[in-house]
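Here's a two-chain complex to talk through.

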Amino acid sequence: MSRVEVYGIRHHGPGSARALRGALEEFKPDAVLIEGPPEADPIVELAGDPGMAPPVALLAYAPASSASGPSGASGQGSEEGEDGRKAAFWPFAEFSPEWQAIKYGLGAGVPVRFCDLPAAQQLVPSEEAEPPPDEADVRLDPLGRLAEAAGYDDAERWWDDVVEHRGAGPSPFPAIAEAMAELRERMDGSRHPRREDQREAHMRRTLRRTLKEGHERVAVVCGAWHVPALTAKVPAAHDDRTLRGLPKAKVAMTWVPWTHGRLAGRSGYGAGVRSPGWYSHLFAAADRPIERWLTAAARVLREEDLHVSSAHVIEAVRLAEALAALRGRPLAGLDEVTEATRAVLCEGADLPVELIQRRMVVGERLGAVPERTPMVPLQRDLQAEQRRLRLKPSALDKEQDLDLRKPTDLERSRLLHRLRLLDVNWGVPSDTGRSKGTFRETWTLMWRPEFDVELIEAGAWGTTVRGASTARAKAVAAHATALADLTSVAERCLLADLGDALPDVMRALADRAAVDTDVARLMSALPALVRALRYGDVRGTSTGPLRTVVDGLIVRVCVGLPPAVANLDDDAAREFLSHIDAVHGALALLGDDGHTEGWRRTLEGLLARPDILHGLIEGRLTRLLLDAGRLDDVPDRMARAVSVGAAPARAAAWVEGFLSGGALLLVHDDDLLRLVDQWVSGLPADSFTDVLPLLRRTFGAYAAAERRAIGERLRRRGRSPSGPSRPADDVDDARAAAAVATTLHILGWTETR
Amino acid sequence: MTEDAVLRPHAEQEHAGELARLAEHDDRPRPPGWRLSPWAVTTYLLGGELPDGTAISPKYVGPRRLMEVAVATLATDRALLLLGVPGTAKTWVSEHLAAAVSGDSTLLVQGTAGTAEEAIRYGWNYARLLAEGPSEKALVESPVMRAMRSGAVVRVEELTRMPSDVQDSLITVLSEKTLPVPELNTEVQARKGFTVIATANDRDRGVNELSSALRRRFNTVVLPLPETVEDEVDIVSRRVDQIGAGLELPESPAGLEEIRRVVTVFRELRSGVTGDGRTKLKSPSGTLSTAEAISVVTSGLALAAHFGDGVLRAADVAGGIVGAVVQDPVSDGVVWQEYLEAVVRDRPEWRDFYRACREVS
C-alpha cells in the first residue's frame, strides 16, 4: 500500500524547514518530490557535495548554441526572466525547506525529484497577458497572511508561536493543509491563473509517475498553497488535457552562487524574504533566539568600537519581551528586537541601527558551488583566473588597491578590464583621488549573482576571458560608427592587454581616421590615444600599432588644421580653441620631437595669415608659440592686435585667447602687463564699454590672489612709471645656494654629485 | 481654587474622565504600582475607542511603535529618555505618561543651569536643622525622593540643561533604586512602580552632554518631527483648539487653511526645500518647531478675536510668523526676504499672505 504525504511549506521559512526536516525523518519516504524545475533532476546530487554552500540558486537559461532539448511533459507556463532575458532562478538558503528536503533525500539515499512545470515551458514568453502579481496576493505567501490575520507581522515568529512552542505535538502539516483548503475555497471563483493550473497539473502528473515506478512512501514538498490541489483526486486525463501541446524553449540548468541580498527580491519562489539574516539566525539558533541575536548585535557594535555591555543586552532583552507582551504577542519578533536594539543598544541613534540592519538582518553572504557544477567554459576560466590571482568574489563591496608595478596586481587589473569589456562589472574603477600615480588603480569589487548570467551569455564570444573579450572588442570596433568610440575601445584594449584585438581595432581606427574629414573629430580622438600610448608604456603593453595610428593622426591634424580654422564664428572658434589646447597638451605628453616640431610649424604658418583667424585663436596661437620660445616679437604682435586699427571686439578676443589660464605671465612679465595696461587705458569710452564684458571673462577666470597680484603691480607701476622692474630683494646668495641646489635637483635639472 | 479657574490643568485633571473609564475597562495585568496596564496606557496616549463606546482622544500623533517602546521601557522599570529637537512633544508625552502610569504628573524636576543637587536628592529645613539637629523632620524631600517613597513616576525635564554633576546624582537612584541619607544613616528605597522619565534636546545651545554612565541607564526614544504636513496640521489644530478653550478666547473658527499655511511655511523653511521639492531654500537659525507654529496660530486667533473680524486671516498670523522665523535680525532677515520674494510671491492663492507679510517686515 503506497502512501503519499504532502508537506505545505512556506518558501524560505526557517520554521517550516525545521518542522519539515523532523517530519521527513519520521516518515522515512523512499522518494522526495520538490516544487522546482524537473530539468534540475540530473544535477540535484551536487547539493550533497561538500563544496556546495548555500545560498545558491538553480539557474535555468537558454543556451546560446547547444541544442539539448529538455525532457519532460508538455505544458504551458510562461515566466519572462529579468530584463526580458531568458533566465529564471530558484534560490535556496540554508533555511529553505526545499533545501532541507534535498539534503535529507541525498543523505538518506532516496531519489530527489523536482515536480513543478519544466523551466522549458516557464521560459516561453506568455501569449496571454498575466496581470502583474500584486504584493497582497494571498497565493504568494499564504502562511504569511495567516500570521498577519493572527496579528503578527513576522510570519516566522507566528510559526514559532503556533507550531514550535506547542511542545512535541502532532505534525503541523495536516493543519496547514486544512487551512489552505479553507483559504482556496474562499478564493475559488476569483481569478486562478491558467499557469497555476498547469503547474499543479504537472505536480500531480509527476506524483502519479513516481507512484507507478513503484515508490511506496512519497513525500511531496511544495508551497502551502498547492497542498489541496495535490491531495485532490483529479483524473489523469484531465491533467493531460491541461498540459497538452504547449510550447517550450531550450534550456540548460545549473547551480550558481547566490547572495542573501538577492533572496530579498522576488524569484521563482514567489515573494522574497526581507530579512534573510534573521531567518538564518532563527534556523541556526539552538534556543533562546532573542538573547542570542541581541548578544550578536552587541558584538557587532563592539567591533565598531561602540561600547555596549552585557547589561545593555539584558535590558534590551527585557524591553523586547515587554514590547511583545504589550502588543499581545507571546514571543518577540524582529520588530521588537529592532526597537529594543534602537532604544537600548544604540541609545536612540540611527546609524548603528543601520549597521545592524546591514550586517545582521540582511547578513550579506555569498554562496559557493562545487567545481563539478556544469558551467560554460568561460565561467571555468574565470574561476581559474580568480584562484590564480587570489581575487575572491564577495557579496559585500570591497576596495582593492592595485600597484601596477607588481606582476600579480597588473594581471588583476587586466582581468578586471577584460571583464568590463564583457559587461561583467565585477570591479568598478573608483576615482578616490588618493593617488594620482599612473601605476596605481583603485577598484571597488562586488560580485553579484547576475554576473553568472552575463558570463553565460558572453560564453558566445569565446571560452576564455581573454579570448571572449578579444572577440568582443573586435566586434565592437567593427560596428563602431564614431571615431571617439573607436579610440575608447582602443584604450580599453590596451588597459586589458588584448594584443590580439589591437591590430583589428587599430585598422578600423586608421580606416575611419583616413576617411574622416572633420579635423575637429580627429583632434578630439588624439588625446585618448596618446594617453593610451603613454599609459601602455607604464603597463608594459606593446603599443606598436597604436603608435602608427597616432603618427598618422598627427600628420592629418597638422595638414587639416589651417583650412579648418579659417573664418570661424565665435562659437566655433571657442570649440576649436579647446581642441587646439588638447592636442597641444597631448603632444607635450607624447614627447616626440618630430611631431612637436611639425605642430609648431603648422601654428607658425597659421599666424602668418592672421586676417583669416579668429581673434581668440590668433591670441592663443601666439601664446602657445611664445611659451615654446618660438616668437621674439610678441610685444609687437600684441600691440598690433590691440591697436586702434583692430575692432575692439576682436582685440578683446585676442587678449582672451592670449591670456586665459595664464595669470602668472602677467604678474611676472612687466612689458606684457604694460602693453595690456596701455591698450585698456587707451580705449575710447564707448569702445571700453563694448570690450568690458570680454575682458571680464578673461580676468574673471583668474584666481582672486592672481587678480590681486596683477592689481598691485599695476598700482606700483603707476607710482614709478619709469622703473623697468623693482630691484631684487636683498637676497643673500650664499645662504640661498643650498635651497636653490635642492630645488634644481628635485626638478631634475642638475646631476647629483 | 476650583479646577475651572486654573490656567492649565494637569493632564490627570484634564483627562480624569478618560483615565477612569480606561481603568474600568482595563482587565489586563498591571505592573506593580501602575494605575493602568501598559496596554491601556498606550491606548490613552494614542487614542482609541473603549468597548462601551467611550472615545479616547489621541494625545500623541506619530508612530505607534515609539509610544509602545516608551511604555514597555517603563514596564521593565528602566528609566526612559525622550530625546528630540524642541517642539516634538517630549514634555507633553512625559506628562501624559506619568499621568496614565501613576495618576500623578506633578512629581517634576525642571532642569536649568541653576538646578542644584537638592532638587534631585533632598534639602534641609535649616531652621529646624539648627534647632533640633538632623532628623527626619528637618529633611526636605525632593520630587525624586517622594516618587521613590510612593512608587510613582518622576519627571526630569530638560535633563541636559542641568550641570553635569547634578545629572550624575541620578546614577545611584537609577542603578541602586535607593537614595542614601548619610546624615541620618538611613536610606529611602524605591517602591515598585518608581521610575524616571527624562526629556532632553540635542539641538539647542547651552546644553551639558549626558555622561555615558548616565546614558547607559536610560532607554532612549527619539521623537521625530511630524512626518507629513497632514500630521502636523492635525497636531496644530488640535492643540490650538485646546489652548483656545483654556484661554476662553471668543469662539472663532480656527481656519484650517490658515493653519495649513503656517505649517507649510514652517516645514519648508525647516527642511530647506519647498513642499514640491523644486526650490532650495536657506534655513533660518531658529528651530521652527511645531510648538512655535501652535503659538503663532494661537496668538493669531487672539488677534482675530479681539481686534479683527473674528476669523483667522493672513494678517493675523503674519506678524507671528515673521517673529518666529527672524530670530537673528541680519541673517534670518535675509532668509525670510528670500523666501517671501522667491516662494510666497509666486503662489497666486497666497497673495493676501504676501501682502500681509510685506506690511509687517
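Q: What share of the residues in chain B is buried?
A: This is a predicted model, and in it 42% of the 361 residues in chain B are buried. In chain A, 44% of the 753 residues count as buried.

Q: What makes up the secondary structure of chain A and of chain B?
A: Chain A has 33 helices and ten strands. For chain B, the tally is 16 helices and eleven strands.

Q: How do you know what confidence the predictor has in chain B and in the complex?
A: Chain B averages a pLDDT of 85, on a scale from 0 to 100, and 95% of its residues score at least 70. For the complex, the predictor gives an ipTM of 0.80 and a pTM of 0.65.

Q: What share of the contacts in each chain joins residues at least 24 apart?
A: Counting contacts with a separation of 6 or more, residues 24 or more positions apart account for 79% in chain A. In chain B, the figure is 69% of contacts between residues at least 6 apart in sequence.

Q: Why are β3(A) and β4(A) called paired strands?
A: Pairing takes at least two bridges, and six join β3 (residues 56-61) to β4 (residues 87-92) in chain A, so the two strands pair. They run antiparallel.

Q: What makes β4(A) an edge strand?
A: β4(A) pairs on one side only, and so does β7 (252-257) of chain A, the other edge strand. The open sheet has three strands in the order β4-β3-β7, with antiparallel pairing. From one strand to the next, the twist averages 25°.

Q: Why is β4(A) described as covered on both faces?
A: In a regular strand, side chains alternate between the two faces of the sheet. On one side of β4(A) sit A:Ala87, A:Phe89 and A:Pro91, on the other A:Ala88, A:Trp90 and A:Phe92, and all are buried. Each therefore has 20 or more other C-beta atoms within 10 Å of its own. That's six of six residues in the strand.

Q: How do you know that α26(A) and α28(A) are in contact?
A: The test is C-beta atoms within 7 Å, and residues from both helices meet, including A:Leu616, A:Ile617 and A:Arg620 from α26(A) and A:Trp654, A:Val655 and A:Phe658 from α28(A). The residues of this contact divide into seven nonpolar, four polar and five charged. As for geometry, the axes of α26 (residues 615-627) and α28 (residues 648-659) come within 6 Å and cross at roughly 35°. The crossing of α26(A) and α28(A) is right-handed.

Q: What makes up the side of chain A that touches chain B?
A: In the interface, 13 residues of chain A are in contact with 19 residues of chain B. The elements of chain A giving two or more residues to this side are α13 (310-326) and α14 (334-345). α13(A) provides the largest share, seven residues. By class, this side of chain A has six nonpolar, two polar and five charged residues.

Note on methods: Residues numbered from 1 in each chain as written. Chains lettered and ligands numbered in written order. Predicted model: local features only at pLDDT ≥ 70, side-chain atom pairs only at ≥ 80, totals over all residues. Buried ≥ 20, exposed ≤ 12 C-beta atoms within 10 Å, placed from the backbone. Helix = DSSP H or I, 4+ residues; strand = E, 2+ residues; numbered from the N terminus. Axes fitted to C-alpha atoms, helices over the stretch in contact; angles between N-to-C directions. Left-handed = near helix turned anticlockwise from the far one by under 90°. Contact = placed C-beta atoms within 7 Å. Nonpolar A, V, L, I, M, F, W, Y, C, P; charged D, E, K, R; others polar.
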